[in-house]
Amino acid sequence: MRTSPGESSEAPWAAAARPAAARAPKAAKAPLCRLALSALLLVGGLHVPPALAAFGFNDVAQRARQLAEAAYKPPAETLPAELRQLSYDDYRRIRHKPERALWAQAGSAFEVAFFPPGLNYTVPVKINQIDADGVRELRFDPDDFDYGGGPVDAAKLKTAQGLGYAGLRVLTGKRGRQGGERKEILAFHGASLFRSPGEEEQYGTWARGLAVDTGLPSGEEFPRFVEFWLERPAANARELVIYALLDSPRYAGAYRFVLQPDKHGSVQDVRARLYPRAQAGKLGLAPLASMHFAGENRPARGEDYRPEVHDADGLSVLAANGEWIWRPLSNPRRLLITAFGLTDPRGFGLMQRDRDFASYQDINARRELKPSAWVEPSGGWGAGQVELVQIPTPDEFNNNIVAYWVPEQAPAPGKPYDFGYRLSWRTAEAPHPPRAWVVQTRVGNDRQGADNELWLRVDFADPGYAKLPPDRPVRAVVSVGDNAELLETRLAANPALQGWRTTLRLRRADAAKPVELRLQLFDPDEQAADRPRSETWSYVLPPE
């Protein structure tokens, strides 16, 4: 997945203001079902509008089951050459007109705009609306878009066959930092990708519906959302419900997203049911994808003026026993796949902890404002592992970081598989450990060290730093894998960070093999087996 340096693909539409009058995209004339608006059904003891009872998760699941029972059919590409051959800049100039946004004229708390077909988005996505009249397909209309003076001729598109939308984006009523009365809070665009900009309105890390065979030599399979259903919200609604149908050669699936904006960003409660056609080599649930080109542990090289270039700087994992684990991200020289074996994890996420502009020096991308993405499983997920895939990248235009949950017992073909989770997008209020946490990891030889020695410096911020007497320093407990010898450990107070710096000096045995390191801080009167003072720093030095 390629992204633009310093800006998101959604940027041209982010500042669209709510218009005074608007109309929805054209809909199919014949609804699938029709119910009287005055009728109310009693469901679970609560009165709900008939539209909610007319179509729901089980309807999408039924369609997914029917897909899985048949052979997979690759989507047909019917995009005219005029749209397929657009340049990236020409595609970005195409805007969905604000007055054509769905629900714009209804005074709703939410509006929905759509992405046009073109460039790499060659397969249309079917989008439907659920309201009191039933389910209606929202037809593509070229007049819904402003083409920005580019090469697209809207009149010619009126006669083109098989055109549809490339995705959708949701806007809510709060005034955004970039102006206007509406701000973008969620976008689905390409395959099964979706993401939220958080409270700072900056897109960064992506989420995906499913990961299949990521990092395997056989190649990765990319499931895609082939159809969406949007529940029309009431005027005072605080959440938006979106259903999605997923399909791929080995999996079909039904998804329900409940979008809830708040002052810190947004959360999505996700419910999913998979129908496997065949066994995958590796199944990844709740996958996240991000970019890490350069960081403290491997700064930018050459003439790049930016010290760091990344949308996430670490993988955070919360185990069932309350242990927090931090794995700093890197841009390795070759593919690096690592995993944490767990049972019933409480959460994991790709986090952007460094919020200092000076670390990035990028006034366009504003990477210090990129949101962190955090997954909280619903119910017990059982045994499995959080897997992290780090892919070498020569630039910042690729999402080279992927993290997901791999269940120990993969779903069997022919049997439905249910799971759920909450996905939150946060900047300032992102989850972090209650005690000391890692701020930065720096790798580099000391000028007094031998050529075959490696030096690492790990800084911890500690909320209890000021309360600890000077004569009771914390202790660092370090473990090193078989491929290296720990030569020295130094621990010193770091007043600049209100925390601690641990310096490690080690010698690698075989430069062609990775080195695994683990570090925790403890109070002086605690044993290593007791509750630690810090999260666990877990690092892998990749092969040279």
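Setting aside neighbours within four places in sequence, Leu 168 is in contact (heavy atoms within 4.5 Å) with Val 112, Ala 113, Phe 114, Phe 115, Ile 127, Leu 186, Ala 187, Phe 188, Phe 228, Leu 230 and Ile 242. This is a predicted model, in which local features need pLDDT of at least 70 and side-chain atom pairs count only at pLDDT 80 or more, while totals for chains, interfaces and linings use all residues. Residues are numbered from 1 along each chain as its sequence is written, and side-chain values use heavy atoms, with hydrogens and water left out.

Leu 168 is also among the residues with the most contacts inside the largest nonpolar core, together with Val 170, Ile 242 and Tyr 255. That core has 79 residues. Its largest share, five residues, comes from strand E27 (residues 417–426). A second, separate core holds 26 residues, including Met 351, Val 438, Val 474 and Leu 504. A nonpolar core is a set of buried Ala, Val, Leu, Ile, Met, Phe, Trp, Tyr and Cys residues joined through side-chain atoms within 4.5 Å. Buried means under 20% relative accessible area, with exposed over 50% and partly exposed in between (1.4 Å probe, protein chains only).

## Aromatic pairs

The whole structure contains 25 aromatic pairs. Rings of Phe, Tyr and Trp (its six-membered ring) pair if their centres lie within 6.5 Å; planes under 30 degrees apart count as stacked, over 60 as edge-to-face and the rest as tilted. For Phe 188 and Phe 257 the ring centres are 5.2 Å apart and the planes stand at 70°, so this pair is edge-to-face. Phe 188 belongs to strand E9 (residues 183–189) and Phe 257 to strand E15 (residues 251–262), so the pair ties together parts 69 residues apart in sequence. Strands here are DSSP runs of E, at least two residues long, numbered from the N terminus. Phe 188 is buried at a relative accessible area of 2%, and Phe 257 is buried at 1%.

Phe 419 and Tyr 421 have ring centres 6.2 Å apart and planes at 5°, so they are stacked. Phe 419 is buried, with 7% relative accessible area; Tyr 421 is buried, with 2%. Ring pairs also link Phe 188, Phe 194, Phe 225, Phe 228, Tyr 255 and Phe 257 into a cluster.

Arg 208 lies in strand E11 (residues 206–208) and counts as buried at 7% relative accessibility. Beyond neighbours within four places in sequence, its contacts include Phe 194, Glu 220, Val 402 and Tyr 421.

Arg 353 sits over the face of Trp 326, at 3.7 Å from the ring centre. The criterion is NZ of Lys or CZ of Arg within 6 Å of the ring centre and within 35 degrees of the ring normal.

## The four-stranded sheet

Strands E28, E29, E32 and E31 form, in that order, an open sheet with antiparallel pairing. Two strands pair if DSSP finds at least two bridges between them. Strand E28 (437–443) and strand E31 (484–494) are at the edges with a single partner strand each, so one side of each has no neighbour in the sheet. Ignoring direction, neighbouring strands of this sheet are turned by 20° against each other on average; axes are lines fitted to C-alpha atoms, and angles run from 0 to 180 degrees between N-to-C directions.

Strand E29 (residues 453–461) and strand E32 (residues 499–508) run antiparallel and are joined by nine bridges. Ala 461 stands opposite Gly 499 in E32.
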